Amino acid sequence: MWGKCLTATGACWQARWLWPTLLMLWLVGAIPGRTQPVDSLRRVLVEALARGDAARLLEQAPAQVELALLGRGQLYSRMQARYVLMDFFQAYPPLRVELDEDRLLDPHRFLVGRYWYAQAAAPFRVYMRLHRESDTWKLQELRVMAGRPKR
Amino acid sequence: MMHTPPVHRRARRYLQVGLLLLALLLGTGAFRVVRLAWLARHVETARQAQLDRIAARIDAELQARQHRLLVLAQRLAQHPMVRTALQTRRQQNARVCPEALVALLARQPLSERMGIEVYDVVPQRVAWIGLSMPVGTIPNTETFLQQVQVELVDDPPWRLALSLWHPVVDSLGQAIGAVRVLDVLRWQMPVENVYLDTYNRLRLWERELGVTVQILPPGQAVFLEGQAAYALQALDGQLGTLLLGVPSAARVLRDAARRIDHFLALWATALLVWGLIGLGRWVWAARTRPYHLLGRAVLMGLAWWGGRYLLLALDVPNRWQRGRTPLAPLFDPAHLASAFGGGMMRSIGDLLLTALFALGFALGVRRVVVECVRQRPATPAPALRAVSVRLAVAGAMLGLVLLLGLFVRHSVFDSTLDYLTRTGLFPPRLILLVWSALLILLLALLILLEALGRGSRWLGGCGPVTLRSQLGLVGGLTLAIVGSSYALWPLDRLVPFPVALVFVGIGLAASCRDIRWPQAGRWLTLRTLLPVPFVFSLLLYPILYTALDGQRRMQIERALEQFGQGQDPRLVFAIEQTLQELASDSLLATLLTGVPAAPRLDSLMNARLRGSLLFSLTGNYGVTLFLFDRAQRPVGRYEGSPTTSGAVPQDQELPELEELWQRFHQSGAQGAFITQLSGRLYAGLAPVQHSDGQLAGWVVVWTAPVSPLYGAETPFPRVLVPASFAGTIQEGLSLAEFRDGVLVRSQGQAFVRYRLDPEVMRQLRQQSVLWRYETENAHTYLSCYRRVDATAATVHAARIPALSLFDHLYYLLRLTLTGLLLMLAVYFGGLVYRWQKGWLPLPEAQFQDRVLNALVGVGFIAVVVVGWAGVRVLEAESRRAVQAWLRQYLDRVERTLTAIAQPGELPYQVLDRVPLDSIARRVELDLQLYRGGQLVATTRPRLVRERLIEPLMPIAAYEALYCRAQRSAFVPERLGTFAYWTGYRALLDEEGRPRYVVAVPALPEQERLEEERARTMAYLFGALLLLMFLVLLTAWLVARALVRPLARLREGMQAVARGELDRLLPVESRDELGALARTFNWMLRQLAESRERLARQERELAWREMARQVAHEIKNPLTPMKLSVQHLRRAFARHEDPEKFAALFERVTTTLIEQIDTLAHIAADFSTLARLPTRRVAQVDLNEVIREAVRLMEAEASHPIELALHPAPLIVAADREELRRVYINLIKNALQALVPERPGWVRVTTRLEVEASGRRLAYSTVEDNGRGIPEALRARIFEPNFSTKTGGSGLGLAIVRQCVLDLQGTIGFESEEGVGTTFWLRLPLASEAHPANGPEA
């Protein structure tokens, strides 16, 4: 579309607004995520956790997210949550993440898993709560707790 | 021989440093590659080295802590008072209170994470202060009381501390007791909020060192896979075992790389700073060419902000402090972090740094603009250009204002800081830093606006001349830009419309008026800086409040959403998950089947529940778990996180448990069963089964919300509410549900009507959400109504108290105080700057400044004294009020005990038979009961279990009640950082000794009182600051009133010095200043008369001199004329040869004609001097006249004539021709004064000058760099017939001076021999002047 547009007129409306749009996105600091089905979102969340990718993890999050990372629970704006998670991932770099449970309590969905990090053998427990709003699942809450010994 | 110019030397040095930094960067990079490659091959060695280093680091810190404890313990153990007290205790009666010892300990300065105890030989605790811990194992060792001993004492899961015992020996060397000092390594808080913060040194080590850290006491070492064990040294042996998580190979490499990266970042930062310095010089080098300067400045600006992003990419300076206190909170994103602007405010520290970058940028822009304007002054421009340039600049200004709005909004929305807290006069430290950053951004914005205004004046011309047209242009453009933008977009969510108008208006005003700031030495004074915080706060607060209001509304919406959902979905899931896991736990089933051993059961439950979602919700919910055996008999009760065990359910829990069993049986459920018991109390129940399906017992989970909304239902004090609850809405939120306009359920107190306002219903049918400010019972609320269905049959509503005017004043004051702190920093920095510049003190002090200084000083001292006294009075009143409450409460408790007591029973005996809870319910108070200084019962056992309340009585209370035999004691205590008072009352036994001590903590009252005190103090200081502002204003007015007559007098005297004797002073007052003015005027009149007489004499003298000169001048040509004529007559009489006669005739007549010409020339010059020509006075533009004169002179000038004229016309009343001749004369003189030895120049300048009296003048100069006027000749330079030139008549400057004086102007000159001369002229503007009219004027 861009190619056609640029070659046809040299500077069409879309092209004129490309840079301002990108600038606005840069200013607001986030690129809105795409709506995803829950299976895909689940995979994205687990991958994002495993890679320590805070931005990807919060792509499908509402304006405010509740994070409880090792006991310190707090309601954060999505922008702030991104940096809180980045800080967490820096302190506890993930090795791998496994999903153990996926429960639907409509309109909520709970994902429970384990998070292995670089410093320790015992993983953290991870809880994610998704909420469905007009057929879109959004990550509303993420909790990471010191893990218990494997049974 | 060639010399290297200094500029080249500097450039070479600059390059050398740059190359050195680059070499360091590259060298470190190369080292990184080599080092990592080596480490990859020797990862095991590196891993071991890293662990050794970490272990050594931790061991060293623990050793240092032990030494500190040793010093403290040693000092006390050797203190004579301690020895005496212990000896007395041993020799006499152990029940005697060691008053001196208690008093000594009470005086010890101690951090909140330390404790001191003094024991006798038993060992029994004799005196104490600070926190307490279990005694540990040392008293059971053989060497106890023989040497210093240290151990780790664990109070799981709450505290871990170093415990050092130091023996106390008497003069014979015999042990008589011991001093024990405690230092906490871990203090786990059950909840975290603004008052309670977990301290965990181990976790801080983990963050800093990057490995897991665990410390075990001796004998508890458990080697797990992936851990390395190190022995920790104590002063007397082994302290314990340090277990470090063994990092993976990748982690080792990453840590090594990180350490090297710190150096890389350092060199890169230094290189960046060096590069920016170089760029700055490069930009400045083009200062004489404005357009070049602009181009380079743009590049510099890009580099500047590129540098900021480079620092962000390098994570500088955060990377150098990671995990280290006290800077850690500054870069902790949990307080503030935003992705706005690409991470420019990803922490408070980064926001501050960004603000400083913005300030630097703004100052740079201003410097460039000012330089451009200086190099090429603004000139009038066509109206279209003037308007269009200003319009574009106004748009840019609005953009900048909105950018500030975005910064403010994100600093509020992307933050967990509670900006609306009322905790004291100054905002909390982190909020103070955020506001400081915002104030710096505001300063940068204002500087940028001014610079843009100047720039638009430069590009778009000077603009209109009159004030009215300037106001019209500024107002019109501001309204056009801001109004249209706000009409198109909802920008008032960022910046209120009037505020945007003010900002853009300020900026545009700078484009129409030439703003001159005083020199730095003057504005860096306290009196100038003091009003700035007030103005800045007034500008910033509306923007800040807009963001805060938005945040409050968002939080209300969220609370409304949760209210609408009815229940917390996590809770049901968490209960279900816990029940399922425990129900299928075979080990639990085994333990429940046999005779349950409490320690094993506790251990198992701790292991199972740690890390579960259910127990992670504690803080928001109180979670209790019960275990029952197969016959439904209670086996265990667990509460809190981490869990604490108790064997049986409490009395008040039994009815609900009974109901739960009933519901379970009625439901017929076989597995897990969850129900809502009452209110928001959720409970679940499940059978625990063996693997073969046989029933082993039952597990019950019970959750109740902890919230300020349910304060009446929970024993949790509000000060202990977790920070995560409902965002930052601390109190006052009320929620309600209406169906068909009728209230069906509500929480909180604000909804006092059971019917919904019909107007709200009507509006909700048209819109889904409605916001309103409503007043109920004299309280104003911000209400939010949301319809649940399209017809608004069901409506959810939320209300929160609206901020009152006093609240606004309170927050405004806090912002002002933040600004004042910043201002003080600027002031002290300015002191250093002024001192370096030699402006301290200023070489010339103004009387006005001195008066201002004196009055400001007096005002400041008054404010400080009144403030200090006010604070003391407030504190005393607050203390008195709390103590009065507590005394009443204690009296109530004692009266109740007396009322309950049976005949002959003493009040203390009631406590032996009646539970404390029962008494507490009667008196409706929280109670604590002590015996011998030890807590024996409390109505808040949870707080004691969670170590929020110490199990020992505070030493001050003990001293008062047991040593000084007081009935009551009131002692300040702390819960985290929250300070509160507790009242203690001794209940005496039959022998008159305290048997029990009952205590009432004033937690809720203290919260209220603290808030009121904070507000009162804020109002007090607000009023004082306002007073200070008024004092400042009054001081300014008084100083001005005093100084103005003096300034007039000075101007008058200067005018006298210039010969202007008609400048009478206005007499405005009847005081001494008025008398002075009258005397001055009388003196002027006397002087004028004297001058008139003198002038008359001078004129006579002048005419005589003139006559003499004329005679002399005329005589000169007359003599040759006479001689020539006589010669001719003689030739004629001799009848000479006609040819000879003709030749002679020709020569004589030629001589005569020449002499007659000379006479005519002399006559013309004298007639000019005598003002013979007719003068035609009109309003002429001085600039235009000068341009004409310069054009005429340029033809014969061999040197350039520079012009630097005032951008606006300078209209004076004068004869155009005459004025032109004045400047031609001066320019001709200047050109003739130039010397061939150096490149000569002549410059003509004009500017508008306003005298202190308001009189406006056209000030012009004619400058040259010629030979200058010798000192000896300067006094005669304006005299007629004086000239340094051989061909001049000597009348030119005399004529010029006469013309200027006739125009009521003044003329003078400054000259330096060999350097040049400047002639200056001051001519009154036409609107000010009353010209001495010519014959026709």
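**Figure 1. Burial and overall dimensions of chain B in the predicted model.** Of the 1337 residues in chain B, 36% are buried. The radius of gyration of the chain is 46 Å, whereas a compact globule of 1337 residues would have a value near 34 Å. The C-alpha trace spans about 175 × 85 × 70 Å along its principal axes. Chain B contains 34 helices and 32 strands. When contacts between residues at least 6 apart in sequence are considered, 66% of them join residues at least 24 apart.

**Figure 2. An open antiparallel sheet of 5 strands in chain B.** The strands follow the order 17-16-20-19-18. Strand 17 (742-747) and strand 18 (769-776) of chain B form the edges, each pairing on one side only. From one strand to the next, the twist averages 25 degrees. Within this sheet, strand 19 (residues 779-787) and strand 20 (residues 794-801) of chain B are paired in the antiparallel sense over 7 bridges. Tyr785(B) has Ala797(B), in strand 20 of chain B, as its bridge partner. Helix 16 of chain B (residues 531-565) packs on the sheet and touches strand 16 (734-739), strand 18, strand 19 and strand 20 of chain B. The direction of helix 16 makes about 140 degrees with that of strand 20 of chain B.

**Figure 3. The hairpin of strand 16 and strand 17 of chain B.** These two strands run antiparallel and are joined by 5 bridges. One bridge pairs Phe738(B) with Leu743(B), the latter in strand 17 of chain B. The hairpin has 2 residues between its strands, and Asp740(B) in the turn has a positive phi of about 50 degrees.

**Figure 4. An open mixed sheet of 5 strands in chain B.** The strand order is 27-29-30-32-31. At the edges are strand 27 (1201-1204) and strand 31 (1306-1312) of chain B, each of which pairs on one side only. The twist from one strand to the next averages 15 degrees. Strand 31 and strand 32 (residues 1316-1324) of chain B form an antiparallel pair over 7 bridges. In this pair, Ser1311(B) stands opposite Thr1317(B), which lies in strand 32 of chain B. Helix 33 of chain B (residues 1216-1233) packs on the sheet, where it touches strand 27, strand 29 (1242-1250), strand 30 (1256-1264) and strand 32 of chain B. Between the direction of helix 33 and that of strand 30 of chain B, the angle is about 25 degrees.

**Figure 5. Helix 23 of chain B and the glycine that follows.** Helix 23 of chain B covers residues 805-837. At 1.5 Å a residue, its 33 residues should span 48 Å, and the end C-alpha atoms are 46 Å apart, which agrees. Gly838(B) follows helix 23 of chain B and has a positive phi, near 80 degrees.

Technical notes: Residues are numbered from 1 along each chain as its sequence is written. Chains are lettered from A and ligands numbered from 1 in the order in which they are written. This is a predicted model: local features need pLDDT of at least 70, side-chain atom pairs count only at pLDDT 80 or more; totals for chains, interfaces and linings use all residues. Two strands pair if DSSP finds at least two bridges between them. Helices (H or I, at least four residues) and strands (E, at least two) are DSSP runs, numbered from the N terminus. Axes are lines fitted to C-alpha atoms, for helices over the stretch in contact, and angles run from 0 to 180 degrees between N-to-C directions. Two residues are in contact if their C-beta atoms, placed from the backbone, lie within 7 Å. The radius of gyration is taken over C-alpha atoms; the globule rule is 2.2 Å times the number of residues to the power 0.38. A residue is buried if 20 or more other C-beta atoms lie within 10 Å of its own, exposed if 12 or fewer, and partly exposed in between; C-beta atoms are placed from the backbone. The expected span of a helix is 1.5 Å times one less than its number of residues.
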